[in-house]
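Have the sequence open alongside.

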Amino acid sequence: MEGHPEPLERVAFTEGQNIRVVRAGGWAYLRREDPRLKVRGTSVRVAEELYDLEADPLEHVNLAG
């Protein structure tokens with residue numbers, strides 16, 4: 001920590017039943033094993049998601065793809 005005025009960001013990794021998430025460098029990357037997802041009652045396929053957390057902290061704009 002010597003020589004660094006601010007603490008360095010730590011990478012965060014989370015794993016659930018169907019999803020894995022990595023947060024680092026102001027980004028969030030999500031990957032689903034089963035890409036089926038219900039959005040407003042409709043089934044959609046979303047295997048990967050990528051969010052710029054500075055510009056989109058609520059993760060509304062998926063930049064993957």
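Let's start with Arg36, whose bridge partner in E5 is Arg45. Strands here are DSSP runs of E with at least two residues, helices are runs of H or I with at least four residues, and both are numbered from the N terminus. E4 (residues 36–39) and E5 (residues 42–45) run antiparallel and are joined by four bridges; two strands count as paired if DSSP finds at least two bridges between them. Two residues sit between the strands of this hairpin, and Arg40 takes a positive phi near 50 degrees there.

Back to Arg45, which is found in strand E5. Arg45 counts as exposed because its relative accessible area is 64%. The cut-offs are under 20% relative accessible area for buried, over 50% for exposed, and partly exposed in between, with a 1.4 Å probe and protein chains only. Arg45 and Arg32 are 13 residues apart along the chain, and their C-alpha atoms are separated by 9.8 Å.

## What kind of model this is

This is a predicted model, in which local features need pLDDT of at least 70 and side-chain atom pairs count only at pLDDT 80 or more, while totals for chains, interfaces and linings use all residues. Residues are numbered from 1 along each chain as its sequence is written, and side-chain values use heavy atoms, with hydrogens and water left out.

## The overall picture

The protein has zero helices and six strands, so from the N terminus the elements read β-β-β-β-β-β. Of its 65 residues, 15% count as buried. The protein exposes about 5,500 Å², and carbon and sulfur atoms supply 52% of that; accessible areas come from the Shrake-Rupley method with a 1.4 Å probe, and for residues only the protein chains shown count as cover.

As for contacts (heavy atoms within 4.5 Å), take those between residues at least 6 apart in sequence: 14% of them join residues at least 24 apart.

## The nonpolar core and Tyr51

Which residues make up the largest nonpolar core? There are five: Val21, Ala28, Leu30, Tyr51 and Leu53. A nonpolar core means a set of buried Ala, Val, Leu, Ile, Met, Phe, Trp, Tyr and Cys residues joined through side-chain atoms within 4.5 Å. In soluble globular proteins, nonpolar side chains tend to be buried together.

Leaving out residues up to four places away in sequence, Tyr51 touches Gly26, Trp27, Ala28, Leu30, Asp56, Glu59, His60, Val61 and Asn62. One of these, Glu59, lies in the segment after E6. The phi of Glu59 is near 55 degrees, a positive value in a residue other than glycine. Glu59 counts as partly exposed because its relative accessibility is 23%.

## A nonpolar patch outside

Some nonpolar side chains are on the surface instead. Val11, Phe13, Val22 and Tyr29 form a nonpolar patch there, with about 370 Å² of accessible area together. Patches take residues with over 30% relative accessible area and no salt bridge; like charges are joined within 9 Å, and nonpolar side chains (Val, Leu, Ile, Met, Phe, Trp, Tyr) within 5 Å. Val22 lies in strand E2 (residues 19–24), and with a relative accessible area of 32% it is partly exposed.

## Salt bridges

Side chains of opposite charge can pair when their charged atoms come close. A salt bridge here is a side-chain nitrogen of Lys or Arg within 4 Å of a carboxyl oxygen of Asp or Glu, and by this rule the count comes to five. Glu48 pairs with Arg31, with the closest N and O atoms 3.4 Å apart. That pair links distant parts of the chain, with Glu48 in strand E6 (residues 48–52) and Arg31 in strand E3, 17 residues apart. Both are partly exposed, Glu48 at 36% and Arg31 at 41% relative accessibility.

Salt bridges that share partners also join Glu15, Arg20 and Glu33 into one network. The closest N and O atoms are 2.8 Å apart for Glu15 and Arg20, and 3.2 Å apart for Glu33 and Arg20. Glu33 is exposed, with a relative accessible area of 54%, whereas Arg20 is partly exposed at 35%.
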